Amino acid sequence: MVTAAQPLAYPLSVRDLGPNWYATVMGTAVVAAAGAALPAHVPGLRGVLAGVWTLSLVLLLSLLAARAVHWARHRDRAVAHLLDPAVAPFYGCLAMALLAVGGGALTVGRDWIGLRAAVALDAVLFTAGTAVGLAAAVAVPYLMAVRHRVEPGQATPVWLLPLVAPMVSAAVGPQLVPHLPPGQARETLLLGCFALFGLSLLATLVMLPLVFARSLAGGPLPLALTPTLFLVLGPLGQSTTAVGAFADVAPGAVPEPYSEGFGALAVLYGVPVMGFALLWFCLAAAHVLRARRNGMRFSMTWWSFTFPVGTCVTGCEALARHTGLVAYAGAAVLLSAVLAAAWGTAVAGTVRGLLRGELLAAPGAAPVVPRPVTARTTSGAVR
C-alpha cells in the first residue's frame, strides 16, 4: 500500500484517469495566454510564456494518448465515468483544453513554431474543440436528465463545465478572423462565435442560480470540492474576454453599425460582469480559507484556481484595451500574479501526488451530494 510518505513503486495506471485531468492543460495554457496580453513588458517574458505554452501542448498530446488507451483498455471505466454525475461534466474540460492550447498557439506559440504553423494548429484545435464542446453541452445535460437523476440540492459549480466550453470557442475563435479572406468567411466566423457566446451565456444563466442557491441554502461544500467554487469565474471572465475579442476584429469583419455595436458591447457587458466576478472571487476565497483551516488537502480540484482566474485576467485585459482605464490594467497585473501562484501550487501538488500515487483515483470518489450542515426554521432562524 502506498502511503503519503512512501514513493511510488509501480507504473502509473490509466484505469481511473478521468477527463478532469484536462484541467492541467487548461490551467497551463491560460498562463501563457493571459501573460501575453499584460500591459507591463518584462524582458524575457515572451520566451517564458512560449515555454509554458509548449508545456501545455505536450500535456495535451500526452493526455490525449493516455485517454485513448483508457478507452481502449478500460472501456468499462470510461462508460462508468459518463454515467457518473460527479465525472461526466468534466468532459467539457477536453474541449476547453483543445481550445486553450489552440488559442495560445496564436498568442505566444507562434514565436517558436511560426505564424503559418500557429494558424494551422489553432484552426485544427478550434474546430475539434468547438465540436467536442457542443457535443458535451448537449450530451452531459441530457445524461443528467435521463440517467444521472440529480436534484437541485446536489448542484455544484462542476455542472457549469460543459456549458462553458462553447464560451471558450467564442473567446478564441476571433483570433482566426483576420486570417480568413475578407467578406463572407470573416463575417461567418465572427457571427458564429457570437452565436456560441449566446448559447453558453444563456445556458449558464439557467444553471448559475442553482449553484448560487445551493451555496447559500445547502451549507458549505465538502472540503475537497470547495475549490470548485472558483469555476463560476470561468463563464464570467471568458464572456468578458469574448466580447472584447469581438470588438477587436469586428471593424474588418462586419459592416457598420454592427462593428461599432460590438465595441459598445465590450464595455457595457464587460464592466458589470467583471463586477460580479469580483464579488464571487471574494466569496469563493472566503470559503476556501475556511476549508483550508478545517484541513482541506491538495486534490485535483485545486486546478480550479487556475483557468477561471486566467479568464478574469484576459477579461480585465480586454476592458483595459477598450476603456483605456489604468484600473483594469492594474487588476490584470494583480490577477496574473494570483494566477502564477495558483498554477505553481497546482503543479507542485500534482507532481507530488503522482509520485506518491495519490491522484490517479476515480474523481467520483469525492462526495457529490453535500449534506446541509444547518437547518432553518420557518422564521429563518438557524438551528
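Apart from neighbours within four places in sequence, threonine 204 is in contact with Leu160, Leu163, Pro209 and Pro235, where contact means heavy atoms within 4.5 Å. These values come from a predicted model, in which local features need pLDDT of at least 70 and side-chain atom pairs count only at pLDDT 80 or more, while totals for chains, interfaces and linings use all residues. Residues are numbered from 1 along each chain as its sequence is written, and side-chain values use heavy atoms, with hydrogens and water left out.

Threonine 204 lies in helix α7 (residues 184-217); helices (H or I, at least four residues) and strands (E, at least two) are DSSP runs, numbered from the N terminus. The relative accessibility of threonine 204 is 5%, so the residue counts as buried. Buried means under 20% relative accessible area, exposed means over 50%, and partly exposed lies in between, with a 1.4 Å probe and protein chains only.

Leucine 60 belongs to helix α2 (residues 45-73). With a relative accessible area of 1%, leucine 60 is buried. Leaving aside neighbours within four places in sequence, the contacts of leucine 60 are Tyr22, Val25, Ala97, Leu98, Val101 and Leu125. Leucine 94 is 34 residues away from leucine 60 along the chain, and the C-alpha atoms of the two are separated by 9.1 Å.

Helix α8 (residues 233-249) has 17 residues and should span 24 Å at 1.5 Å a residue; its end C-alpha atoms are 25 Å apart, which agrees. The expected span is 1.5 Å times one less than the number of residues in the helix. Helix α8 is mostly covered, as 16 of its 17 residues are buried. In the loop between α8 and α9 (258-293) lies proline 257. The peptide bond from glutamate 256 to proline 257 is cis, with omega near 5°. Most peptide bonds are trans.

Two salt bridges are counted, a salt bridge being a side-chain nitrogen of Lys or Arg within 4 Å of a carboxyl oxygen of Asp or Glu. One joins the side chains of aspartate 111 and arginine 46 (2.8 Å, N to O). This pair links distant parts of the chain, with aspartate 111 in helix α4 and arginine 46 in helix α2, 65 residues apart. Aspartate 111 is partly exposed at 40% relative accessibility, and arginine 46 is partly exposed at 33%. Another salt bridge is formed by arginine 321 and aspartate 248, whose closest N and O atoms are 2.7 Å apart. Here too distant parts of the chain are linked: arginine 321 is in helix α10 and aspartate 248 in helix α8, 73 residues apart. Arginine 321 is partly exposed, with a relative accessible area of 46%, and aspartate 248 is partly exposed, with 40%.

The second largest pocket holds about 700 Å³ of space. On a 1 Å grid over the protein atoms alone, a pocket is an open set of points with protein on both sides within 12 Å along at least five of seven lines, and lining residues have an atom within 4 Å of a point. Grid points are joined across faces, edges and corners, and the volume is the space filled by probe spheres set on the points. The lining of this pocket has 35 residues, and Ala33, Thr107, Ala171, Gln175 and Thr241 lie nearest its centre. Two or more lining residues come from each of α1 (22-36), α4 (91-113), α6 (161-172), α8 and α10 (307-323). Helix α10 gives the largest share, eight residues.

Definitions and conventions:
1 Å grid on protein atoms, 1.4 Å probe; cavity = no way out; pocket = protein on both sides within 12 Å on 5 of 7 lines; lining within 4 Å.
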